[in-house]
Amino acid sequence: LARLPPGRHGLPREFVTHNQRERLIAGIAEAIAENGYSGTTIAHITRHPAVSRRTFYEHFSSKGECFVAAYDTVMEQLRERVSAGFEEAGDWPHAVKAGVGAMLEFLAANPHLARLCMVEALVAGPVVVERYDAAIQSFVPYFQSGREGRPKEVLDRLSETTEEALVGGMVSLISRRIIAGKAEQLEELLPDLVEFTLTPYLGSEEAAKIAKEK
């Protein structure tokens, strides 16, 4: 995302366009981290990547459109990491641990992006809120697969909305940490989140055991 050299540089137009767009996406994340969504202006967004207002409008028609592009980009990266972590594990409980760990690692390493997608998305208008709700739902199947092969007594105590409640609780805890300015410490939540999400399927003792594994 480095600035392009001034003057004639001979770079392909496609590269220049992509570079500018990605820098604007990074710029809105930084601007929102400083000013909040409501307080962020086009000038704030263009200052960070050092592009002109004209260049901004070549890519986006509004702050809202830029935010949607940024949100979609961040969530795509986040889902890729969670999916990779989930698929690498040997069994479902450890897959959940790996997926949650990948999520926390990504958000902790990118606090501006964490705030954008977990906090500011809820105040960025109905289009983004709809995407936010869809993103939350996209994590539900990871937990639903934990029902497979469970004893009848376990399945009987799981409600139809157990997985939605688990994802919602996890997201709520992560969001509170981000709001408190502790995004970089999110990985500390891994044991608690693993125990919280596995307990309905495995029982508290087994869930706690997996949560404490190194």
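Predicted model: local features only at pLDDT ≥ 70, side-chain atom pairs only at ≥ 80, totals over all residues.
Figure 1. Setting aside neighbours within four places in sequence, the residues in contact with Glu163 are Val140, Phe143, Gln144, Arg147 and Tyr201.

**Figure 2. Ala50 in the loop between α2 and α3.** Here we visit the loop that runs between α2 (42-47) and α3 (53-59), where Ala50 is found. Have a look at the backbone: the phi of Ala50 is near 55°, a positive value in a residue other than glycine. Ala50 is partly exposed, with a relative accessible area of 39%.

**Figure 3. An aromatic cluster of Phe56, Tyr57 and Phe60.** These three residues, Phe56, Tyr57 and Phe60, form one aromatic cluster. The count of aromatic pairs in the structure comes to six. For Phe56 and Phe60, the ring centres are 5.8 Å apart and the planes lie at 50°, so this pair is tilted. Both Phe56 and Phe60 are buried.

**Figure 4. Lys63 over the ring of Tyr37.** This view pairs a charge with an aromatic ring: the charged end of Lys63 sits over the ring of Tyr37. The distance to the centre of the Tyr37 ring is 4.2 Å.

**Figure 5. The salt bridge between Arg47 and Glu34.** Six salt bridges are held in the structure, and one of them joins Arg47 to Glu34, with the closest N and O atoms 3.6 Å apart. This pair links distant parts of the chain, 13 residues apart, with Arg47 in helix α2 and Glu34 in helix α1 (residues 13-39). Arg47 has a relative accessibility of 49% and counts as partly exposed.

**Figure 6. The salt bridge between Arg131 and Asp72.** The side chains of Arg131 and Asp72 meet at 2.8 Å, N to O. Distant parts of the chain are linked by this pair: Arg131 belongs to helix α7 (residues 126-138) and Asp72 to helix α4 (residues 63-88), 59 residues apart. Arg131 is partly exposed, at a relative accessible area of 33%, and Asp72 also counts as partly exposed, at 30% relative accessibility.

Figure 7. Glu120 is buried, with a relative accessible area of 7%, whereas Arg115 is partly exposed, at 23%.

Note on methods
Residues numbered from 1 in each chain as written. Heavy atoms only, no water. Contact = heavy atoms within 4.5 Å. Helix = DSSP H or I, 4+ residues; strand = E, 2+ residues; numbered from the N terminus. Buried < 20%, exposed > 50% of the residue type's maximum accessible area, 1.4 Å probe, protein only. Phe/Tyr/Trp six-rings, centres within 6.5 Å; stacked < 30°, edge-to-face > 60°. Lys NZ or Arg CZ within 6 Å of the ring centre and 35° of its normal. Salt bridge = Lys/Arg side-chain N within 4 Å of Asp/Glu carboxyl O.
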